[in-house]
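Me: Hey, I've got a structure open that I've never looked at before. Can you walk me through a few bits of it?

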Amino acid sequence: MKPNYSLKKLKELSKRYARAQQVPLHKGRDTVAMALGFPHWNEVTKAHRSGWNPTQTELTSIEILLIDLLPGDEAGPPEHGSYIEASIFEEDMQRGTLDGHEYQLSVSLGDVHMYGTGWHLHVPEAPNNAPRLEIAKQIEHEAPVYEAQFQQQALQIALKRAEQVRAGIASDWPRRSTKPDKDGLVRHPISGVQSDRWCCMHCNSSMTGKQIAKSLWHCPSCDASPLDIHENAWWLEEGDSGAKPITDKDTQGRPEMVVDIADTRLKLQLDAEKITLLMRSALVEDATNASERLGALFADINVHEDNDVWITFDEDLWPEHKEPVSALAVAALLGITVEQEICLRELPFAWPGLGEHTSSTVEYTEMMLKAYASQRVDRPIE
């Protein structure tokens, strides 16, 4: 090992710690120094010049600072964009137990989701957006998360994961994207544009570089993503009121958790589209040959305001006395009535009776094409 390798390693770790925590580099290095037993970083460099080198155990203890802070294996060698590219559609699912109850923890598009039996806790990526806990009403008094203490314990687990996500993103972004300079200048993490004033295209708010960096480039007013943040309000036209400045109180961090108790069971909301789909499927099931199947697909199905159904068949495709048994059975299950009528309509194909001789659409198509071909004017006379 080279004599200065250990110090370079410490500098790299302290740099990544500072970026992840969004603090000045000197504070990150002082944190590393104190973890090694020194009062500040200058004492580390003095000791190194005198021949001191951290042991492998001490280096490992510093890496643990990052391992606890960053998600996955981000404490390893840095690579620009590695966290963002690997975690935008993260599929990693963590499992654990809380007071003897199992839960699952996952990240999707920067949002943290924590699931247990009868509950779901969602922590948005935007740091000014409130966590939301949904408890299934049908088991609310049986679910352990109904208790306030359990809620807070679950929230702390989810918030810790959210902090890891935030730190992982910050460690990949340019330093100036999360740390304004003395003039408040920050760099957009996507476009690379630098400015001390920014505007939200979603809600027409304006904010300082310090404010937008603090909220991880999400609008403090409406939580819009970094894609909606621009250096000027170019979308406003002459005569429009300018972007509204955001106050510092709007960037104070996450609000209190919101608890929703709701009946999460899926409910069938019948409408004309759903009823038509079910009825047509049943008509196709009632068809016994290619002609009747075309009739089922070609039939007009009208749903009235009270959800009762009127079906109009074509007499050349659907036999006049054929009852749509499956369709009537579906209607009975849905509690609706069905009226039927037969009429003549302009058909899409000639010779509809051809389909009565086969149940195969391929065979019917072949017969139909031969019939059309036999009508060509250039066909030789035999």
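This is a predicted model: local features need pLDDT of at least 70, side-chain atom pairs count only at pLDDT 80 or more; totals for chains, interfaces and linings use all residues.

Me: OK, let's start with the helix. Which residues of H11 are buried?

Reply: H11 runs over residues 325–334, and its buried residues are Ser-326, Ala-327 and Ala-331. They sit on the same side of H11, because they cover an arc of only 140° around the axis.

Me: And what do those buried residues of H11 pack against?

Reply: Two elements: helix H9, which is residues 272–286, and strand E15, which is 338–343.

Me: Which exposed residues are on the face of H11 turned away from the buried side?

Reply: That face carries Val-325, Ala-332 and Leu-333, which are exposed.

Me: What about just after H11, what does Gly-335 do there?

Reply: Gly-335 takes a positive phi, about 75°.

Me: Switching topic. How many disulfides does a search of the whole structure find?

Reply: Zero, and that search covers the whole structure.

Me: Hmm, what's a disulfide again?

Reply: It's a covalent bond between the sulfur atoms of two cysteines.

Me: Is Cys-219 buried or exposed?

Reply: Cys-219 is buried, with a relative accessible area of 0%. Cys-203, on the other hand, is partly exposed, at 26% relative accessibility.

Me: Now the loops. Where does Asn-204 lie?

Reply: Asn-204 is in the loop between strand E8 (197–200) and strand E9 (205–208). Its phi is near 60°, a positive value in a residue that isn't glycine.

Me: Which loop holds Asn-307, and what's its phi?

Reply: Asn-307 lies in the loop between strand E13 (300–303) and strand E14 (309–314). It has a positive phi of about 75°, although it is not a glycine.

Me: Last one: what are the relative accessibilities of the two asparagines?

Reply: Asn-204 has a relative accessible area of 29%, which is partly exposed. Asn-307 also counts as partly exposed, at 21%.

Methods. Residues are numbered from 1 along each chain as its sequence is written. Side-chain values use heavy atoms; hydrogens and water are left out. Helices (H or I, at least four residues) and strands (E, at least two) are DSSP runs, numbered from the N terminus. Buried means under 20% relative accessible area, exposed over 50%, partly exposed in between (1.4 Å probe, protein chains only). The arc is that of the directions from the helix axis to the C-beta atoms. Contact means heavy atoms within 4.5 Å. A disulfide is a pair of cysteine sulfur atoms within 2.5 Å.
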